[in-house]
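Please examine the sequence and the structure below.

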Amino acid sequence: MSDIIGELLPPDRLMLTPGPSCVDPRVYRAMAAPIVGHMDPWFTAMMGEVQMLMRQVFRTQNRITFPISASGSGGIEAAVANPLESGDECIVCVNGAFSERMAIIAERLPAKVTRVEAPYGRTVDPQDVLRAGKGKKLKLVGLTHGETSSGIVQRVEDYRKVADELGALLVVDTVASLAGIPLDVERQRIDICFSGSQKAISAPPGMAPITVNEKVEAVMHARKEPVRSWYFDLTTAMNYWGKERLYHHTPPISLIYGMREALRLVVEEGLEARWERHAQNQQALVAGLEAMGLELFVKNPADRLVTVTAVNIPTGIDGAKVSRQLLDEFNIEIAGGLGPVKGKIWRIGLMGYSSQRANVLLFLAALEKCLLDQDFRLAGGVGVAAATHSYQQSTQPAVVGSRR
Ligand SMILES: *Cc1c(COP(=O)(O)O)cnc(C)c1O
């Protein structure tokens, strides 16, 4: 067999997708450490360190804070399945594929879900949420902080205010935003917050950090029926991640090593510095794209998600061909659109370890080449020049994390 199927040798891609992002070599090294048992006292002590780091990154003291053994979507599942019982009413703000996913998952519980919608590229109006919720006995309002499918960000404070008025819990999906843009679970009074390992945290995919406050713990204890999902029942999972460290399921040991190192990198850099780095790199990217004559999908600059930039594919350009050329000729992966914007936009992720100056400049140069090859009217070099100029205005160090 070894003659037929060779050793695994993946290409060394630059991932400028909306996840997974590139992984710092320190994280890879941590993941190569030997497996120990999940009940080993060394391991159960180390779990506490991961939880401490996670609380720092979420900015919370919540007791229930740990990584769920699942991708970001598992985070959505846990976040809605734990507070909601069958027939409970909730509102989900839907303005893209991931917020839509939250509504679908809640419907399957089954909860009574009211979707308050906005088109792709727009924020959901908090006043619409208020109007839709008036007179209802709502358990929660679900919000996607950074909607990756359209590159849009929503202000948590606005929805917190509305959820307060409606007497509802606020559930926030920060899969695409945690560790990339400002977030403070405690100060913003987010009741349930979850993320994913492979986006701005820059660990490999497969874990969903979650945190829930005491209000939610009380709701969970008052449940009349068991949580519909055995696997995602936070109360029993906390028997393992809590003081007792009782067996629940075998967690992905190596991923937890990787998560620990990735979180250490976040804390070492400092959240504010990290947010600033992400903001500056996107600013340079946007300056470059606009100088090249490209248009951003999200019109209002204040609504643009810093970690994912959506760009309209210009008329006359074969978007899929550009993506393919970026991969084949430059080893760069970007993403296309989902659902109603499929074939209409490119999505460029600058998350975690991927958010670096060298990557922005390389990407802009590569994109120029791909566009010129399709006879797009463009003066070669304008994108890189605009990005360079943008960097000259800033003081951030050029290289982050460890070198390869
Ligand atoms: C990526 C993403 C998800 C889904 O995460 P998976 O790891 O693919 O399951 C959910 N919500 C948002 C906002 C995302 O960006």
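The sections below treat the basis of the model, strand pairing and helix packing.

## Basis of the model

This is a predicted model, in which local features need pLDDT of at least 70, side-chain atom pairs count only at pLDDT 80 or more, and totals for chains, interfaces and linings use all residues. Residues are numbered from 1 along each chain as its sequence is written, and side-chain values use heavy atoms, with hydrogens and water left out.

Helices (H or I, at least four residues) and strands (E, at least two) are DSSP runs, numbered from the N terminus. Strand β2, residues 64-68, is mostly covered, five of its five residues being buried (under 20% relative accessible area, 1.4 Å probe, protein chains only).

Five bridges join β2 to β10 (residues 208-212) in the antiparallel sense; pairing requires at least two DSSP bridges between two strands. Phe66 stands opposite Ile210 in β10.

## The sheet β11-β14-β13

An open sheet of three strands has the order β11-β14-β13, with antiparallel pairing. Its edge strands, β11 (308-312) and β13 (335-336), each pair on one side only.

β11 pairs with β14 (residues 345-349) over five bridges, and Ala310 stands opposite Arg347 in β14.

Helix α10 (residues 271-291) lies across β11 and β14, at about 10° to β11. Axes are lines fitted to C-alpha atoms, for helices over the stretch in contact, and angles run from 0 to 180 degrees between N-to-C directions.

α10 packs against α12 (residues 357-373) at about 15°, with the axes 10 Å apart; the two helices are therefore roughly parallel (angles under 35 degrees). In the contact (heavy atoms within 4.5 Å), residues of α10 including Ala284 and Leu285 meet residues of α12 including Phe363 and Leu364.

Conventions. Buried means under 20% relative accessible area, exposed over 50%, partly exposed in between (1.4 Å probe, protein chains only). Angles under 35 degrees count as roughly parallel, over 145 as roughly antiparallel, 65 to 115 as roughly perpendicular and the rest as oblique.
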